[in-house]
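I opened this entry to go through the chains, their interfaces and a few residues in turn. My notes follow in the order in which I looked things up.

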Amino acid sequence: MTLTEIKTAIEKQFPGSVLENEDLGEHQVELKGDQWLELATFLKTDPTLCFDQLECITGVDTGEEGPLQSRYNLHSMEHRHKIEVIISHDRENPKVASIEQLWHIGDWFERETYDMFGIVYEGHRDLRRILCPDDWEGWPLRKDYEGQENYHGIIVPKIKEEEGWE
Amino acid sequence: MTVDMLMDWFAAIGDFPVLAFILAVTISGIPLFLVMALNAMVAVYVERKVSAFMMDRIGPMGQGPGLHAGKWGLLQTAADAVKLLVKEDTVPESSDKILFKMAPFIIFIGAFIGLAAVPFSQTLQVVDFNVGVFYIIAVGSIGVIGIVMAGWASNNKWSLYGAMRSAAQIISYEIPAGLSIIVPIMMAGTMNLQELIHYQSGSVWGILPNWIIFNNPFSFLAFFIFFISAIAETNRTPFDIPEAESELVAGWMTEYSGFRWAIFFLSEYANMLIVSGLAVAGFLGGWRSPIPGLFDSGAWGLFWFMGKVASLIFIMMWFRWTFPRLRVDQLMHVCWKVFIPIAMLNIFGVGIWKLIFG
Amino acid sequence: MGVVHGDQMILNIGPQHPSTHGVLRLEVKTDGEIVSEVKPHIGYLHRCFEKHSENVTYEQVIPFTDRCDYLAAMNSNFGYVVAMEELMEIKVPERVDFIRVIMGELNRIASHLLALGVYGLDVGAFTPFLYMLRDRERILDMFEYTCGARLLYNYMWVGGVSHDLPKDFVKICGDFLDYFEPQISEYNELLTYNKIFIERTADVGVLPADVAVSFGVTGPNLRGSGVKWDVRKDEPYSIYDRFDFDVPTGTGEFGTVGDCFDRYWVRMLEVKESVKILRQALKDIPDGDVHQAIPKKIRPPKGSVYRRTESPRGDLGYYIISDGTPVASRVKMRSPAFTALSVLDEISRGWMISDVIAILGSLDIVLGEIDR
């Protein structure tokens, strides 16, 4: 299926959930976050869509002012088509439903995104940090991240800001 | 050169029975220890070289200026031994210290007293028991006490796993080993190792030596069961699950280092010597020449015996560098469901064979 | 008679352990030898690849990709440059494509050889490991001859490669392939068809196809479960669509489809397929300038790209977001070993400790890539 057909299918089932955005690439679609779990269930179980593989979840920080995003790369082993779902979150209180129980790998991917961006996946049964230590402070991949000054008595050296590139 | 011979000599000189006993035991015990140490040194060197050649490597060579490992790495084991002797002696803080220190000695004693009954040649044997076979099998299981002790005292989960596996394995494999060694005992009608070897003199069908392994199909099979069980008893690959490196780090030896660990090593190679010696004495004609009547006396006995033992040890090494490792349940399966029934049938078969042909 | 209660014991395998393939800690709940739960703890090797990538220019990311999957650094490079070229819409010269495929496939062989050898080691066979390393060494020699590095190459650049192939490379590589192909049957005789090896791996750790897909398992592990999915065939990148090769899948030759043996066997077959690709590539490689298409300044247009490639461990994806500056706004690496490790708990419950080691080995993880 092409992206337009997939979009139409989603729009038919969940009217108003597809957001229009000019900047998107060829497989990307931006969706509203409030119905994400139902939408994901639909994407996975609908026989014509059948996205049985969650390829990747990428957390994105769009900048100091912009929202945080979760980007889901879905792929169908059966139909061999793919789609990238973008969901934006409020910067102050980033929250979205967890799809951990739909795709098993969602467990670790969500933990990773939580670890790096602090996006809370509601309904995740074991939302802990995965790569950083459990008591690490802050969300390292956010653009406004300030590193800890010391960690268990270890002084964390500050990287000097360089005068731009070029 | 047995303890009994020494005792007789001393008795001829004068009447001092206690001192005579102590002297006799010491005089024959020291060479025995030297044999054990020499065996380990040679075997470790050979094992390194054998493994290296099997793996398309060259092994220790001692190239470069100075002779840090001797020519062709001949001094490698000596260097290792020195290193192990001068290493810091570590005992884990939370271990059971008395048991931890005792364990290597118990394992060592098990190997050492077993070696006493091995008939190196017609005359070279420390003690010539009338129940030699039984004795070696019996003291062979002393080592397992030491292993369990070491595993428990280390207070380490890996050691505990290793010890439990080892205990289960050694005790299980003693049964097929014991049942198979009954075959030569039945045929020769004696448990005395020298008499067992004497039984195997002469030749069958003119060409083959009259070794028990060639005597009948049941004894042929019994030898292989015995040999494989012996490998399992010495914890070598493919039965090295108690110290399975990729799973249990080093099994029951995990917490040991330095000299205590060296003693384990010494005992392992001594055990290989003992079980091979028993297999040779029981099935392969002991110190008898493979060509009946040729070079079949005096010092040649030692040569043939050690030659046969060395071949068996080489086969053990060959196994080790060829096979993967079994899993613990597969190991038990092989023992209880395959070897023990076959070994029992063997005894039955030999009995009938003897009734008809012997 | 009272009922005997056996408590469960928690056993920490790692972070320092001979068989964790790096710094990985497995928290294993055991009842005697039987394992009831395996909890992997990762992050011991986290080197902030993604954070670093946001602070260096695009070309400076390439050495970092080397260090993620250090056993198949060429393939890591390959994935990144392919994604970058897609983002910048660069068409590379044909010779570059051929060189990349040659290097990628050689590295795939090297990586698989290590995986197979170490797997032998995990189940207790020492010798095949050294045989495979001996042959892997020759591949590394070829890499060294080409670009001067043996493990971390920084060889593929956006739009080209760092060095052209040496003049006699085609002959050297051809000689190697002639030498190497018969070796595969030696490995098989020594390890694959060994009865004990089959006993240890067949029927152990069965990973059904649907579970594998749900866990995002890819590469040889997924193919071992019988799913015919190979990015090189199904979503061809570079010039993989020009080569004739098969995608081997697990058939359950000695047990169930998707067991440890299948995963091992698929890798062995893939080595053969790589040899096939290499022979074709060496035959057809054209002349040309490998530096011709390298851009003077790497400044991709605003936008994002997600590109996956087939690394020896599976689908290696790069998600690159550009905001029009010479520094990436976000680089995400979708690591195949990360997803493969997540399935460990699912398939090792109820097996023994020895089997957990065998299953872990059959997944062929590289911790550098999991932790990034």
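I count a contact where heavy atoms lie within 4.5 Å. The model is a predicted one.

**Which chains touch**

I began with chain A and chain B and found that no contact joins them. Their closest C-alpha atoms lie 25 Å apart. Two pairs of chains do touch, and the pair with the most contacts is chains A and C. I therefore took A and C as the interface to look up, since no contact joins A and B under the 4.5 Å cut-off.

**Chain A by itself**

I noted three helices and nine strands in chain A. Read from the N terminus, the order of its elements is α-β-β-α-β-β-β-β-α-β-β-β. The C-alpha trace spans about 55 × 40 × 25 Å along its principal axes. Chain A has 166 residues, and 51% of them are buried. I also looked at contacts in chain A between residues at least 6 apart in sequence; 49% of these join residues at least 24 apart.

**Interface of A and C**

The buried area between the two is about 3,300 Å², and carbon and sulfur atoms give 56% of that.

Seven salt bridges are counted between chain A and chain C. One of them pairs Glu112(A) with Lys332(C), with the closest N and O atoms 3.1 Å apart.

**Arg308(C)**

Is Arg308(C) buried or exposed? I find Arg308(C) at 2% relative accessibility, so it counts as buried, the limit being under 20%. Arg308(C) sits in strand E6 (residues 303–311) of chain C. Its side chain has a polar contact of 2.8 Å with that of Glu235(C) and another of 3.4 Å with that of His75(A). Residues that Arg308(C) touches include Gln53(A), Glu55(A) and Lys82(A) from chain A, and Trp229(C), Tyr237(C) and Asp315(C) from chain C.

**Nonpolar cores**

I looked up the largest nonpolar core next and noted 160 residues. Those with the most contacts inside this core are Trp36(A), Tyr72(A), Val85(A), Leu106(C) and Tyr155(C). Helix H4 (residues 94–122) of chain C supplies the largest share, 12 residues. I checked Trp36(A) and found that it touches Tyr72(A) and Val85(A), and also, among others, Leu31(A), Leu43(A) and Ile99(A). Another core lies apart from the largest one; it has 88 residues, among them Ala232(B), Met317(B), Ile340(B) and Leu71(C).

**Ser219(B)**

My last entry is for chain B. Ser219(B) is found in helix H9 (residues 217–233). Its relative accessible area is 0%, so I list Ser219(B) as buried. Beyond four places in sequence, Ser219(B) touches Val183(B), Met187(B), Ile212(B), Ile213(B), Phe283(B) and Val350(B).

Technical notes: Residues are numbered from 1 along each chain as its sequence is written. Chains are lettered from A and ligands numbered from 1 in the order in which they are written. This is a predicted model: local features need pLDDT of at least 70, side-chain atom pairs count only at pLDDT 80 or more; totals for chains, interfaces and linings use all residues. Side-chain values use heavy atoms; hydrogens and water are left out. Helices (H or I, at least four residues) and strands (E, at least two) are DSSP runs, numbered from the N terminus. Buried means under 20% relative accessible area, exposed over 50%, partly exposed in between (1.4 Å probe, protein chains only). Buried area is the accessible area (1.4 Å probe) that two parts lose on being put together, summed over both. A salt bridge is a side-chain nitrogen of Lys or Arg within 4 Å of a carboxyl oxygen of Asp or Glu. A nonpolar core is a set of buried Ala, Val, Leu, Ile, Met, Phe, Trp, Tyr and Cys residues joined through side-chain atoms within 4.5 Å. A polar contact is a pair of N or O atoms within 3.5 Å; within protein, one must be able to donate a hydrogen and the other to accept it, and residues adjacent in sequence count only if both atoms are side-chain atoms.
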